[in-house]
Amino acid sequence: MTWLLLLAALAAAAWLVVRASHAPARQREVDGLSIVPAGPELLFTADVTALGADGAEELLKAGGGAFLGLRELCGFEPLLGLRRIALAMPRAEPGEAAADFALIADTSLEPEAVLRCAEAAIRKRGGNPVRSSLGAFTSVRDQGKPLGEIAIRRGGLFVLSGGQYFRDVIDSANGARRDDEASRLRSRVHSVVRRKLGAGQLAVSLLVGPRLPLPGVQALGLGLNVQRDVLLRGYVVCPSASGCSEAAHLIGNLRQEAVRESGIPGLAQIVVEQHEQQLDIHGRLART
């Protein structure tokens, strides 16, 4: 469900960009990455406004123009207010069944409208919405099913998460971070990988762990820079040169399979270069 929300959010960028030129001056944007608790296993970011009008319109068409369908219930479509998105998943412990996550979004939404919308959605499915004050945030959750919670503060910073990770994100946003050396080290690895990816509107970085074990790989990242074409850049870090050789072979097989099944122009020309314990991946894809 989370991934569907993200895809719909990217498609909604078309509406947002078109409206931006007619909207009043907005408040300072917030970088969701600065709020993510240190040391996540997975980080996905999307700058929907930086896609530009053409790219956003193409995403809208590719997504069939589908949104969350909340206009009738809430009087507005929340996805149209998204500016930048960060999706984070914390490091999983061995044997951990459920995976926490947090969706953090810089938006142009009015907090009270979002809170009323969340309450209406909970009531519609028979729940009992309750509000809480959490520092600068106000949150809404279903009292009978408190597995997920949304929160928003003045300026439009929005959080969707649950459980302890929700509290960790809110504490971080309120300036009460509780980092240790191990988590700070993992965050530095994410930063290194993302710098290698260069500029782009979409980026994902992953530290290999129990949730997604990849033998021979320590960390990887993938970024997309949407211009006249789509520039793809990937980066893989391995504990050994032999591990990177195995990873390069696997990527080559996946590329051939993708070429056969998708027919996407440019996939066959994606280049994978090994430099000892690192892989650099780059290519150019048609926007279509």
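Me: Why is R177 called partly exposed in this predicted model?
Reply: Its relative accessible area is 36%. R177 has 36%, so R177 counts as partly exposed.

Me: What makes D179 and R177 a salt bridge?
Reply: Their side chains meet at 3.3 Å, N to O. The cut-off is within 4 Å, so the pair qualifies.

Me: Why is D179 called partly exposed?
Reply: D179 has 31% relative accessibility. Buried needs under 20% and exposed needs over 50%, so D179 is partly exposed.

Me: How do you know that E181 forms a salt bridge with R184?
Reply: The closest N and O atoms are 3.2 Å apart. The limit is 4 Å, so this pair counts. E181 and R184 both lie in helix 7, three residues apart, about one turn of the helix. E181 is partly exposed at 47%, and R184 is partly exposed at 34%.

Me: What makes D280 buried?
Reply: D280 has a relative accessible area of 13%. Buried means under 20%, so D280 is buried.

Me: Which residue does D280 form a salt bridge with, and why does the pair count?
Reply: The partner is R233. The closest N and O atoms are 3.6 Å apart, within the 4 Å cut-off, so the pair counts. D280 lies in strand 12 and R233 in strand 10, so the pair ties together parts that are 47 residues apart in sequence. R233 is partly exposed, at 29%.

Me: How many salt bridges does the structure hold?
Reply: The structure holds 12.

Notes
Residues are numbered from 1 along each chain as its sequence is written. This is a predicted model: local features need pLDDT of at least 70, side-chain atom pairs count only at pLDDT 80 or more; totals for chains, interfaces and linings use all residues. Side-chain values use heavy atoms; hydrogens and water are left out. Buried means under 20% relative accessible area, exposed over 50%, partly exposed in between (1.4 Å probe, protein chains only). Helices (H or I, at least four residues) and strands (E, at least two) are DSSP runs, numbered from the N terminus.
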